[in-house]
Amino acid sequence: MIIHCKDLRVFQFSLSFSKEEDAKKIFQGIVHHCLEPKSLRCLFAFSYCENTSYPEVQRKKQTVMFDSVEDWIQDMKRTKGNCRVVSENSNFELSPKLPQFFIVPSNVSDEDLTKYQGKGLPMWCWSHHSGCALFKTASIPLVQEDNVPQTYMEKMLTAVAHNHLYSVKTEDLSDTLPAVQDILLSYNKFKQFFLIDNTTEFWMSDMKWFSSLDNCGWLDIIRQCLQKAVEVVECLEKENTNVLIMEEGGSDLCCVVSSLVQLMLDPYYRTLLGFQSLVQKEWVAGGHAFLDRSNHLHLKDKAESQSPVFLLFLECVWQLQQQHGPAFQFSETYLTVLSDSVHVPVFTTFLFNNDSHRDNILRAESPHTQRSPLNCPTVWDWSVQFDCKAQDLFTNPLYSEKPKQDTSVRKSYRPKHLRQLSLPSSAFKTPPKKGFFKDEADNLKKILGVKRLSRWMLSPSSESPQTSSSVREFYEAWQTKPLDYHGLLLPCLDGPSIRVWMQRYLRWIHDVQILGGGPVAMLSKVSEILGEVQELQRQLDRHGCTLTSNHKGARPRAKTASVIAARSSVRLSSSFPFVTSRNWLFKPAIPTSLLQSLMVTGMAGNLADREDDGGGPESLV
Amino acid sequence: MASASIPVYNSSNNPLENSSSHNASRESLKMELLADCSLLPGEERIIDKDIIYICPFSGALKGKVFITNYRLYFKSADADPAVTLDVPLGAIGRVEKMGGASSRGENSYGLDITCKDMRNLRFALKQEGHSRRDIFDILFKYAFPLSHGLLLFAYLSQEKFEENGWSVYKPMEEFRRQGLPNDKWRVTFINANYELCDTYPTILVVPFKATEEDLRKVCTFRSRGRIPVLSWIHRENQAVICRCSQPLVGMSGKRNKDDERYLDLIREANGTAKLTIYDARPSVNAVANKATGGGYEGDDAYQNAELVFLDIHNIHVMRESLKKLKDIVYPNVEESHWLSSLESTHWLEHIKLVISGAIQVADKISGGNSVVVHCSDGWDRTAQLTSLAMLMLDSHYRTLRGFQVLLEKEWISFGHKFANRIGHGDKNHADQDRSPIFVQFIDCVWQMTKQFPTAFEFNERLLVTILDHLFSCRFGTFLFNCESARDTNELRSKTVSLWSLVNSDLSFYQNPFYTPESNRVLYPVASMRHLELWVTYYIRWNPRIRQQSTMGLFTVHHGSLHSPPWVSSQSTMGLFTVPMGLFTVPMSNAQYYTET
């Protein structure tokens, strides 16, 4: 029996010593529990919650869940946004597809809220310090002859434009990014490269590795998403225009792009808690259909809607993190673990399609029907899965913490000028001549609104070569400035910079384990040095020479150094969870099948046959 | 300070960007001085000229070019920040005129310069008055001094350093460190006057039982007299790495009893049951070599030996491969299907073959079996294999000074033909003897440092610096083909060693994460999954590719290190419990089957 896991493990069991009916039972049991269609209530989460008394205290420790009006108001305040908070949907009266709470441009009226079940309604994502903001929406299919949705869209656009300087750019992601089905197709091809269970197969595929990677297109999809996000960042940061991104449904690629934009622009989201809040805001509250996309229920009719969109987002984050390591408080291990957790049907985070779905199910499943809804853990309660030591691996030891600022205070005030330091070039900035615009607000509003709208109607493909070069210029301009890990971050999108997430994909393949090496070797060394630094500081403190240290928060941990020292003699495997290699056969992996795959053909062929140094050996003569 | 001027390569915080076309302004300030007055000791200004540099990244730039007997230096006049170029003339491979006096189009008249360090430069000049004639002539003369009866710059340099790099490698000391001579291996001075083999060093280590007469006899049966000699011995199990050239078997399948007995002496020395001979070439090539008098050790002749072919291609294949690589990375990185293009260069594939060959050698040695490594002449692929295997086996070579010893020993003293492979000062750019074998080796080392970030005392800067001065001709280290030629040309007394520069500022080349561990064998993984293109070397001229250097991370941010310590991890869910949700939906039922 061979089992392929979603986290890319492959298990092989021999059933030759078991009775046939036992074998059958085992096989059917697995198939029944994990491959056959079932209803949501059969998921393990519900039996798990019923049987586990779950301490409420830990819940929501710090991650902003965006399940209350206050969370939204606070986030808007944090980014100095100036929009309207809508709480009319708290009982899903407006539309079950909309989040319980959300934010729209202040010009959207009550009446507008109820039309088209939330479609076309610009939902606020994030405000730039210049005042412009990012919105996303589910697009309304435009039917010809029917003018009504279009007028509504125009109205909504004007409302978005009104948010800042009467400018707006729109981007229909359905036209410019791959469809969710294509994402799935590409990922399925991609993951086959890692579901390898024998050495021969592994080395056979090794020679064609790069072109196989290229052909499955997965890295290219990642690049496209990042590029789109950079385009949006450029609009916000350089042109200071409002941006409205849209797609059918408004909760897949919109989530990918809007979260990436926020990661690039806002250092808060690059902290561990900030990142978790971002996922809550854009994905969980934002109504990404986790249940359908991951198809936990194995429903045949839902097979089509299955797609690893969230994983795609994590992939993009990983790329950013690889390129700008010290800017992120969380580690790649954290991302790997998070990507695994999507498939663990225990956490409310990834079980539902949207807010109202969650609310309905949790209420219905609650044992105390009249009282609170069922209390399930969220994925952010990492202690459910991992002990403290393992959780320590989630943070990046090389994170460059913002000096003189206590990042543990979640909603810390960020002075404007600090972020402006990272602007690509202040010369590019449109001078905020707000006063001037206000004077002629009414006239301008009309003109601009129409103008932008016509631009929006342009087919995006005709624009794309131009945008690609403008993105390039934007990146280059940004690159010439000194890098600020707490300012704007842009990814390099050139071929060599987009890479395979080794830790996630290669971790179970024995042949690629680097014994005693890999990034983990460096991390453990870093931690060792850290331990020494802390120990030294502790000694300094004890001697009364208190340093005017700017990181009082980093309390020395006395035992650190010794713990690490004990470990340093042991060889770690290069893959998470970094097992020590004492029991491993310490033999190098020698590539097999080198001969048959040898390659120099055609034109190079005659070169290969030639002598290194012209004629034959002299001593022959 | 003993050094009269601070060496250019040494003076910036980031050497990797040092000579890149876009320099920080601080850099260019220093260089301005240098271009105007303070040159390297011994460096002389020859000409300067207003010129347009056609930068592939920022477009045409007006500025001034300075040519000395050591370098070409360009500074833009009006770009901000100023764009500078600092190219040692030694790095220039080819200078050509571009366009004619009547060529149309903007900037169509000028010079086209091909460099050995993965870049090309284009300059445009005014079309009237043969404006490029003088600069072309001067460039041609000073970039290829040997073709014009001039001395290489290393012989003109007056640089002084605190350290004397020529004392880094002392053959006897190195052999003593390895525990040699001993009762099985002896040191011989038979080659003291390069009479046995003119491309070998003077001091050789051979089996104790082999007499000088035996050596002379073996010498006749090995290509260019490069007999099997010891490179490295394992302290515990006494297994040895020996290197040599191919046996002169020829079409008729000649045998040589002395050679056979000699190899058996190597086997005997530590009681190895079977000696393994690694022939670096593909077997087809080894067979083909018989036609020109070479060949390989046949089974019947060498009964106590097993022969393994390592399938590494020759210098011509490697040269073409790197050329293809340059095509896809300079000036612009291939945009569509980058990975497929990379694969089609085969560069990483060759790297993989070299590393996996070296792994096999190291593995045999760890297992207590002696090996003999050769290719055709034993100075290209052989040097790659032995030195990489030694790097895996012996942690001493992974230190800053140990690595210098390794290069001095396996590459320089054993006659890797640097002069021919690089073509120092030679105008014949199409010379078929040129090949980036040493670059490829340094790439392999880099791949190892990537896989074992804490195992090497030196950092990436050292590797880049080595490659820069492989071409620059500022130091004597990589000049000439072999020791006999170096002696004839009094290299060590008349030039400065690269290690003088490096060892005068060791901390600059140190890896902050280095964790010394002696007696540890490193086995890198020779899989394409782990091999990467060395972007910070091959694509370093492209300003868009700005890779994070780990050293940078550490030095810049050490002030704010924060985080919980590294601890071992075992998830509470355990290693082998698999949540049901993790099971995948089968693509087809064929994936699931039962065996009974």
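**Close-up views of the cores and the sheet**

**View 1. The largest nonpolar core of the predicted model.** Of the 259 residues in this core, L260(A), F275(A), F313(A), F403(B), F438(B) and Y538(B) touch the most other members. A nonpolar core is a set of buried Ala, Val, Leu, Ile, Met, Phe, Trp, Tyr and Cys residues joined through side-chain atoms within 4.5 Å, where buried means under 20% relative accessible area with a 1.4 Å probe and protein chains only. Helix 10 (residues 218–239) of chain A gives the largest share of this core, 12 residues; helices (H or I, at least four residues) and strands (E, at least two) are DSSP runs, numbered from the N terminus. Apart from this core lies another, of 38 residues, with L180(B), L215(B), C244(B) and A305(B) among them.

**View 2. An open sheet in chain B.** The 7 strands follow the order 4-3-2-1-7-6-5 with antiparallel pairing, and two strands pair if DSSP finds at least two bridges between them. Strand 4 (84–88) and strand 5 (92–98) of chain B are the edge strands, each pairing on one side only.

**View 3. Strands 3 and 4 of chain B.** Strand 3 (residues 71–76) of chain B is joined by 5 bridges to strand 4 of chain B, and the two run antiparallel. Within strand 4 of chain B, L85(B) is the residue opposite F74(B).

**Notes.** This is a predicted model, in which local features need pLDDT of at least 70 and side-chain atom pairs count only at pLDDT 80 or more, while totals for chains, interfaces and linings use all residues. Residues are numbered from 1 along each chain as its sequence is written, chains are lettered from A and ligands numbered from 1 in the order in which they are written, and side-chain values use heavy atoms, leaving out hydrogens and water.

Definitions and conventions. Buried < 20%, exposed > 50% of the residue type's maximum accessible area, 1.4 Å probe, protein only.
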